[in-house]
Amino acid sequence: MEQRDSNSAAGGKTQATSAPPVEGVAGGGTSYGWVDGGLRGTSLGAGVIDPTKVHSEDLLHVWSMPSTANVSQQEAPRPLEKVNLLAARNERESFQIALRPKVSWATSGIAGSVQVQCTDLCSSSGDRLVVAQSITLRRVVPILGVPDALVPIDPLSPQISLHPGETAAVWVSLNVPCGQPPGLYEGEIFITAVKTELDPKTESLPKSERYRLYRELKGCLDVTEPRDYSSPEEMVQRLTTASTTLKRMLDNPALQDCQENNGFGDMMDEDVMNNVSVRLKLSLTVWDFTLPVTPSLPAVFGISETVIEDRFCLEHGTEGWYDALDHHFRWLLQYRISPFFCRWGDSMRILAYTCPWPADHPKANEYYSDPRLAAYAVPYAPILSCTDAAKNSLRREVEILKSKPHWSKAYFYLWDEPLNVDQYDMICSISNELRSYAPDVRILTTYYCGPSGSELAPSTFEAFVKVPNVLRPHTQIFCTSEWVLGTREDLVKDIVAELRPDLGEEWWTYVCMGPSDPQPNWHLGMRGTQHRAVMWRVWKEGGTGFLYWGTNCYEKAMIPSAEICFRRGLPPGDGVLFYPGEVFSSSHEPVASTRLERILSGMQDIEYLKLYSSRYGREEGLALLEKTGMYLGPDRYTLDHGPVDVMRGEVYRTCRS
């Protein structure tokens with residue numbers, strides 16, 4: 001985002017005007033109907049305010065904030081500045097619009113409603129980033145008082161309610177397609193205070209007219225209902241009739257002002273927007289670099305199948321069950337992560353699989369061949385049933401997959417955090433079985449300690465470091481907890497020194513309950529840069545992959561719209577990166593958290609750092625992190641957004657040629 005000085009919206013400058021009083025805070029007041037200045041020298045007077053006759057700037061504060069900001073309800077207003085963004089192709093860049101009412105203009109208990117509309121972003125050569133396709137608006141909804149859930153705003157009714165004495169935020173995302181021509185794209189966002197209640201005398205159609213429109217719409221529906229047509233000519237005739245009726249309805253004088261205009265539905269008269277709207281200018285520089293479709297870093301994230309089954313009342317293996325898993329899988333792929341489904345057994349045994357269908361099903365090759373998938377988990381079926389049938393099914397699965405080009409992405413995740421010698425022996429036994437089917441099989445094991453009951457090493461940490469000597473050749477991906485490292489990056493050398501890259505061994509990391517503040521993690525309430533820094537840490541420490549145990553592991557519920565409760569005993573937000581859409585509306589689309597969006601940003605940052613390092617060497621890439629002040633270590637990273645843009649700008653400046 002644009003920085004006019006070191007204290008801009010990205011850097012932390014606040015307006016001289018203090019936040020308005022809120023009941024119970026600093027003396028308070030009623031927090032209703034107050035005015036805190038900035039009214040352009042006009043007097044609104046007493047009585048009900050008509051927002052169509054008053055400039056929206058007189059009614060509310062509007063300013064921009066970076067995607068790493070947690071915009072609290074008590075966020076103080078800042079100056080409104082143009083937003084300048086930079087993005088590669090196949091990248092998503094986001095920012096926030098903060099809104100805080102100065103007065104109340106509604107007759108109900110809210111301060112008022114605002115309409116947020118965006119134009120297409122256009123380049124001088126005529127190329128566009130289109131609203132609702134490449135540009136999306138979402139309302140930031142607090143969870144446990146922390147701004148986290150990103151609820152989509154209906155582009156046909158883009159209104160949100162503001163409450164007295166509270167700051168609200170809108171999350172704006174710009175998605176740049178792979179084939180988008182580079183260049184400077186510009187547009188505007190209009191924020192307009194609107195009447196909360198419609199005046200029936202001016203807004204409603206006569207009852208007879210509404211009935212007529214209803215009958216014609218119903219007739220169109222009847223005409224186009226699925227049926228067996230006697231001939232192709234009949235089908236064409238019926239569709240032509242429906243088309244003629246719809247065209248006649250669109251010519252209704254009451255709908256003449258609803259034509260498409262300048263990239264958004266003209267739900268508010270353009271003259272009104274020009275006269276009373278707050279206008280936020282927005283520019284995006286798309287540079288001539290495309291983020292790879294397949295992420296450079298495999299990041300595998302779990303989805304609990306049992307949570308989906310319970311909340312959506314689905315029976316395992318039914319058509320609805322497959323549809324639900326497929327929907328979640330495809331939705332999460334947009335975040336540059338490689339999802340796997342999981343079911344937990346006793347003693348932390350785990351059934352992990354990326355594709356619900358067997359390897360010989362047409363859907364399986366579609367899943368495993370998806371270029372957005374950097375790694376996939378193969379199910380070890382005997383974990384549920386050690387029958388001959390289960391073992392034969394497993395052998396057949398491996399035989400099919402190992403003949404495919406995507407086999408190099410395959411791994412088995414058998415046990416989560418084994419603790420003792422018996423559990424380690426079980427991993428080795430299963431590994432022997434799998435290696436008899438495919439000698440090049442990859443097994444992933446997560447761990448934070450050495451096996452108890454062994455004389456592996458004199459100290460706890462030394463035993464942890466020596467785990468590869470116990471699991472070799474039965475594990476190829478050694479996935480260790482960042483919690484163990486604490487803030488001691490020097491310990492990474494000890495861990496990596498025990499690995500055998502010549503045998504295909506890799507070092508991955510994970511976070512779960514820990515580490516805690518101030519280290520990077522994805523707990524609710526942590527700073528935005530703290531969320532984003534999880535991936536900075538992975539890149540700086542040299543990990544070649546990452547695992548996260550759960551994205552939807554909230555408390556059990558039996559209906560989709562049930563309130564979300566985080567699991568007892570875990571830090572708030574741990575294991576929950578998205579929410580069911582039904583909690584917030586009638587939509588079945590999952591609702592992302594701000595933390596999930598910041599994970600995506602961190603994954604994109606890795607691609608920037610990788611590009612820079614490919615040009616100038618890894619040491620220069622590490623120096624760039626330090627020079628910009630973006631990330632120096634697990635407890636030393638930027639708390640403000642400014643250095644993030646500096647890093648990205650430096651990569652753009654030095655690598656664009």
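Predicted model: local features only at pLDDT ≥ 70, side-chain atom pairs only at ≥ 80, totals over all residues.
Residues are numbered from 1 along each chain as its sequence is written, and side-chain values use heavy atoms, with hydrogens and water left out.

**View 1. The largest nonpolar core has 96 residues.** A nonpolar core is a set of buried Ala, Val, Leu, Ile, Met, Phe, Trp, Tyr and Cys residues joined through side-chain atoms within 4.5 Å, where buried means under 20% relative accessible area, exposed over 50% and partly exposed in between, with a 1.4 Å probe and protein chains only. Phe-412, Leu-434, Trp-522 and Phe-546 touch the most other members, and helix α15 (residues 594-616) gives the most to this core, with nine residues. Helices (H or I, at least four residues) and strands (E, at least two) are DSSP runs numbered from the N terminus. Beyond its neighbours within four places in sequence, Leu-434 is in contact (heavy atoms within 4.5 Å) with Tyr-380, Leu-394, Phe-412, Leu-414, Val-441 and Ile-443.

**View 2. Strand β3 (residues 91-101) is largely enclosed by the rest of the structure, because 11 of its 11 residues are buried.** In a regular strand the side chains alternate between the two faces of the sheet. On one side of β3 the buried residues include Phe-95, Ile-97 and Leu-99, and on the other they include Arg-92, Gln-96 and Arg-100. Two strands pair if DSSP finds at least two bridges between them; strand β1 (residues 60-66) pairs with β3 in the antiparallel sense over seven bridges, with Met-65 partnered by Gln-96 of β3. Nine bridges join β3 to β10 in an antiparallel arrangement, and Arg-92 has Asn-175 of β10 as its bridge partner.

**View 3. Strand β7 (residues 135-143) runs antiparallel to strand β10 (residues 168-176), joined by five bridges.** Here Arg-138 stands opposite Trp-171 in β10. Strand β8 (residues 146-152) also pairs with β7 in the antiparallel sense, over six bridges, and Pro-142 stands opposite Pro-147 in β8. The hairpin of β7 and β8 has two residues between the strands, and in this hairpin Leu-144 takes a positive phi near 55 degrees.

**View 4. Helices α15 and α17 (residues 642-655) pack at an angle of about 40 degrees, with their axes 10 Å apart.** Among the residues that meet here are Tyr-608 and Tyr-612 in α15 and Met-647 and Val-651 in α17.

Note on methods: Axes fitted to C-alpha atoms, helices over the stretch in contact; angles between N-to-C directions.
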